[in-house]
Amino acid sequence: MANWSDIALATIPAAPLAAAIWCGTVAQVVRRTTAHRPVVLALALSLVAAAYVLFVVVPGSVVDSPAAHSQITPIESSGESLVKPISLIASETPASATGEHHGPAHKAYIFEVYRWMSVGGLTVDIVLRADAMTALMLVMVNFVSLLVAIFASSYMHGDKGYPRFFGAMALFVFSMNMLVLAGNFIEVFIFWEAVGLCSYLLIGHWYHKPSAAAAARKAFVVNRIGDFGLMTAIFLIYRTFGSVDFETVLDPARLAELAAAQPGLITTIALLLLLGAIGKSAQFPLHVWLPDAMEGPTPVSALIHAATMVTAGVYLIARTTPIFVHSPTAQLVVAGVGATTALVAAVTALCQYDLKRVLAYSTVSQLGYMFMALGAAAASPALAAHAETFAMFHLLTHAFFKAVLFLAAGSVMHAMGDVIDMRRFSGLKKALPITHITFLCGALALAGFPLLSGFWSKDEILAVVWEATQTGDYKTYFYLILGVGLLTSLLTAFYTFRAYYLTFHGPERFPEEAGHHPHDASPAMAIPLYILAALAVVAGLILGPTHIYAHYIEMTPNFPTAAPAGMNVGMMILSTVLALGGIGLAYSIYGKATRPEYSDARPLSLWENVSLNGLYLDQLYGALIARPMATLSAVCEFVDRMILDKIVDAVGLIPIIAGGMIRPLQNGLVSSYAAVMLLGVIVALASVLRAIASVT
Amino acid sequence: MDGLFAVLIYTGVLVGFVITNLILTHIIGPTKKTAVKQMPYESGMDPVGDARQPFDVKFYLVAILFLIFDVELLFMYPWAVAAYKGDGGVPAELSSTVYGVMLVFFGTLAIAYIYAWRKGVFKWR
Amino acid sequence: MSQPDAAMISSVTSAAGKVIPELVLLGTVCINFLVGPFLVTPSGRALPGLRHRWGGIAIAAICTALYLWWTGSTEVVTTGPFRVDNIVWYVRGVMLIAALLLVLVNWSQIEDGKAAESHACLLAITAGVNLVALANDLTTLFLALELISIPTYLFLFLPRKDAATQEAGVKYFLLSVFSSAIMLYGFSLIYGMAGTTDLPAIQTALANSNQTPVLAILGMVFVVAGLAFRLTAVPFHFYAPDVFQGSAASGAALLSFVPKLAGFIALIRLLEPVVDAAPGLLLADVMLPMLWWLSVITMFVGNFLGILQNDLRRMLAYSGVAHVGYMLVGLNVGHHTTSVPDGIEALLFYLAVYGLMTIGAFAVLIAAERDNKPLETLDQLAGLHRVRPGLALMLMVFMFSLAGMPPTAGFLAKLNLFFAAWAQGDVSNRWLALFMVINAAMGSWYYLRVVGAMYLREPLDEHHGSHAPAPIIASVACTAMVITLFFVPTWLWTMVQTVRSS
């Protein structure tokens, strides 16, 4: 029965797994310094297979018998028509049961590997399930992983744990691919844990740093809170649906029935799923682990903590949209969590001096954007398709531009002798031209500079939220969310370019650790940077306004019906103004050649003159914006460090304190043990006698 | 209860006799306090030093072995008496089975005995 | 004396035929005790390498028993002193395989002069566990439990002669006797109520009695308390960390699994007839809250105290306590529901998996020993992956399995229990499921500390330790099974379901 589609699906996880096994066994002993080769090869293979899935398997998986249902709508060529009657939303059922709205209905392609277990009423198959959303994620994950692996082969060169690093990375890609390919919630949970585990191993890669070991543990413990939510959600799903398969659980017709009967249950399931997603995607208030996770090697930050693993939460919510559409409450919470996170993280990022931390908070903030988009569907079910499409679109573009930013930051770190404090270097533009230009591309895309990737995806998200303010019962709420989104957009542009100017402009200074002649990215580092930078610039333009992306993702089975997606020109102009404003603001404060604390005599350039003219403005900004912002940022930081962190620590302390209270009983004396045993018997007898007395 | 009444009387008389005798000997008996007579009696040993001295572990080993064989003898006694009584004993169909079980029991005891002997449990020094 | 009927007579005469695998084991025990002393000098000196011979004989005996088990008849017999059903079949399989692993674990832990006795004790314990499952009578049950206890004292005492081992042995002995006495008192109360020691007859007597069986309920409380000692359920667990710490690693491995297996099987055997037969389910109303509390307290205390430990064996002892808490959930859910998956099924599955992972963990600790000195603290594992990468990998698998993380059988075992507790639908059982999730999260903390010490720290020295093959074989076998059971769990699950369908 094996055919090319099955082989392609199997290759996607199998190749990285094989590479991981190689790195974990053979490469530990021999060929240590070339441990990256099998990994790069395997990831390339996975990428090819993912591309095959994207272009052949998914478009080819159509429902067999369109004729039986042809009376509903005349069939148009696939993906050309976006116009669908909104009334069909509720009746959208698995493709086999209903007819067609536009072109052949797509179903998920499922490769059943084997029956994993059959426990009582619960049957779980290990399947590899591919649909449009999966295919997009797979291509993104494997593409970014491949580039990061190539980058890391040079970046990690000479590291003591070189094979260990690549082994863990390949294991991560395997787990992530399996998470995306999962066909039921149990599979999701297993690989949800597995990616967390790989993340733990990779954050703690430099275990000799106590901070790295602590960060790894923190990430793990915080994530367990989210896992608790996911696990409980799966219990409830199993209890409610009697199955954990996507095909059964996410059946819209059945969900609609159930939602009418038990709305509270659906909301509970959705909120528990959200708790899982909050943990994995570092949303407020569980976002505290992500900035600390920057202790890991930078390629790891780029891959796991920017592009792939942290987006798993967004993916989970997008995947379970059929559940969420029936619970406006849960969606409002999603939007609220997203907006809060976006703003809090953006404000915190304003004052960071650690380049990677700026990017980490920025990641948290952008993930907040995606949640915001997903939650916007609360206003009207008609928005669900847009919300899901654009959240996933931002996920894709964000993966590209955040990966390039992280890798460029890694390149800076590499050149600066592992110094990442922006106060200790500046003016790197001449010394590191490749890094500079690629970082600039990423920064512009992140800031939402017109026509770049971030512009398209972020604009669409704001447009979705705008639509949410126009319909439904929650107009005020969504106006608030929109305001937060716009403000965050301004702040994003500002802090991104603050980091950019602090790093690449100003007087040329290197820390002592860098030596005298810092070298720019080696070819193995430069090529991934260029490719990702190019994508950060053009991906949005190619996929966004042309609707290629939107049309493709509509092939996902059970995808909500889309209303026509118009360009929201007003929102575009507004976000452009905000992006440019943020960049300009950053420029006027940090773009000067001289820095107050480092005013050494250097020949002045254009920057100096402009900033001289803007001196008054500078002070005004300082008084009106920078100072309050700094205060607010400090407050956020304080909340983060002193309160949320402490809460996390305190939760961790409860078992220790409780254990310490029981411990004195354990005194090593046989007689006291026997006494306690006897006491136990007496208590049991007393309670049982009391129970008997109360019953009879 | 009537049947037990005789036993109660018997018990009362018994205890009373003991107590009466003890009191009588104390009162009537002659008392000559010499050093030897005042010495506590301890199974023929001179009561020198602390009474709580640790005994050689061999005492315990022998005591345990004695106890085991003693208890097992007690187990065999009712079997020997009751098993082959004919009426009211072990049913005829089972008599050979029970006999076999007893042989296994003896065999196990013999193994234990050989083990103990070989391990030098019976050697005092 | 009333004349027994023919069925009863034949059940007695054919009793020996039902326990042939156990007879093989006990026969080997006799041979060991008979021949063993003649191969050593009276002062206890022996030819070097004698332990290989005794180990080989033990393995041969267990393999014979395994063969007899596999080919033996599966006819169900419910009368007479022994009851043969699918639970017996399952327990025999699990225990014989565990015994095989324990012989390997014990192989290098014992000196040549004491190998005969040590392996004989192991075989006797194995036979005892099987007899617990076979017992159809309170007397048989008690004797079988003592057949486990008494050789266990010896087994703990034999390997080493230092004060710590002796203290551990005596501690276990005294408290074990105490718990046996409590249990026996419970048996006597049940006997007093029912007038018979035959389990099916007790069931009938309870079903026919028209008044509240207060005596039997009190008896059950004592019995559960006595068995809770074997399970190391709180507050009967206190000996476990001290004894685990003091005894040799093979003794700890044995204690961590075998008494728990025996205890749970005895509880299943006792609770099924007694609780199910209770008129108006009064017994269930009374016993279940007790088991519920026992389970909750046990898992929380086990994990709370586990977090604080730096000593590996103490940590594993508390880990065992916590796992007993999880398994009690299965018992709690199991016998008053018809929902699938059944709690008892999940418990039986968990028991097998728990045995593999805990014996495997001890096997690795033994394989990593240096100069025959047991590993004690967590620090001694530091950087193990640099010195012995294979052992570190295997220990990581066991730690993940104990923590209930994929891709290990421990994950599935926990999942089954979660589902059993959750699907049963009772609010109190849902709480149990939630407590389990919380505890699993807490437990992962200290299991991860072990993984962290092995992988994220520098070795203290470059000492490679011994390369004795036996414990390595045992740990490789356990690892393979723990991983395999994750990917293809169906066969074991099918066995478990067969057990319940009888």
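View 1. With 29 C-beta neighbours inside 10 Å, T232(C) counts as buried (20 or more other C-beta atoms within 10 Å of its own; exposed means 12 or fewer, partly exposed in between, with C-beta atoms placed from the backbone). The model is predicted: local features need pLDDT of at least 70, side-chain atom pairs count only at pLDDT 80 or more, and totals for chains, interfaces and linings use all residues. Residues are numbered from 1 along each chain as its sequence is written, while chains are lettered from A and ligands numbered from 1 in the order in which they are written. T232(C) sits in the loop between α10 and α11 of chain C, and its phi is positive, about 60°, although it is not a glycine. P235(C) is also placed in the loop between α10 and α11 of chain C. The peptide bond that joins V234(C) and P235(C) is cis, with omega about 5°. Most residues other than glycine have a negative phi, and most peptide bonds are trans.

**View 2. Chain C as a whole.** Chain C has 21 helices and 0 strands (DSSP runs numbered from the N terminus; helices are H or I of at least four residues, strands E of at least two). Its C-alpha atoms fill a box of roughly 70 × 55 × 40 Å along the principal axes. Of the 502 residues in chain C, 63% are buried.

**View 3. The side of chain C that touches chain A.** The contact takes 54 residues from chain C and 47 residues from chain A (two residues are in contact if their C-beta atoms, placed from the backbone, lie within 7 Å). Elements of chain C that give two or more residues to this side include α8 (163-194), α10 (214-231), α13 (282-307) and α19 (427-455). The largest share, 10 residues, comes from α13(C). By class, the side of chain C that touches chain A has 43 nonpolar, 6 polar and 5 charged residues (nonpolar: Ala, Val, Leu, Ile, Met, Phe, Trp, Tyr, Cys and Pro; charged: Asp, Glu, Lys and Arg; polar: the others, Gly among them).

View 4. Chain A contains 26 helices and 2 strands, and 57% of its 696 residues are buried. UniProt, in an unreviewed entry, places "domain: NADH:quinone oxidoreductase/Mrp antiporter transmembrane" at residues 182-470 of chain A (positions are in the numbering used here, feature names are shortened, and annotations may be inferred rather than shown by experiment). Residues 182-470 of chain A are 75% helix and 0% strand. L451(A) lies in the loop between α18 (433-447) and α19 (453-470) of chain A. Phi of L451(A) is positive, near 75°, in a residue other than glycine. L451(A) is partly exposed, with 15 other C-beta atoms within 10 Å.

View 5. The unreviewed UniProt entry places "transmembrane region" at residues 6-29, 59-77 and 97-116 of chain B. Residues 6-29 of chain B are 96% helix and 0% strand, with end C-alpha atoms 33 Å apart. Residues 97-116 of chain B are 100% helix and 0% strand, with end C-alpha atoms 29 Å apart. The mean pLDDT of chain B is 79, and 83% of the residues score at least 70 (pLDDT is the predictor's confidence in each residue, from 0 to 100).
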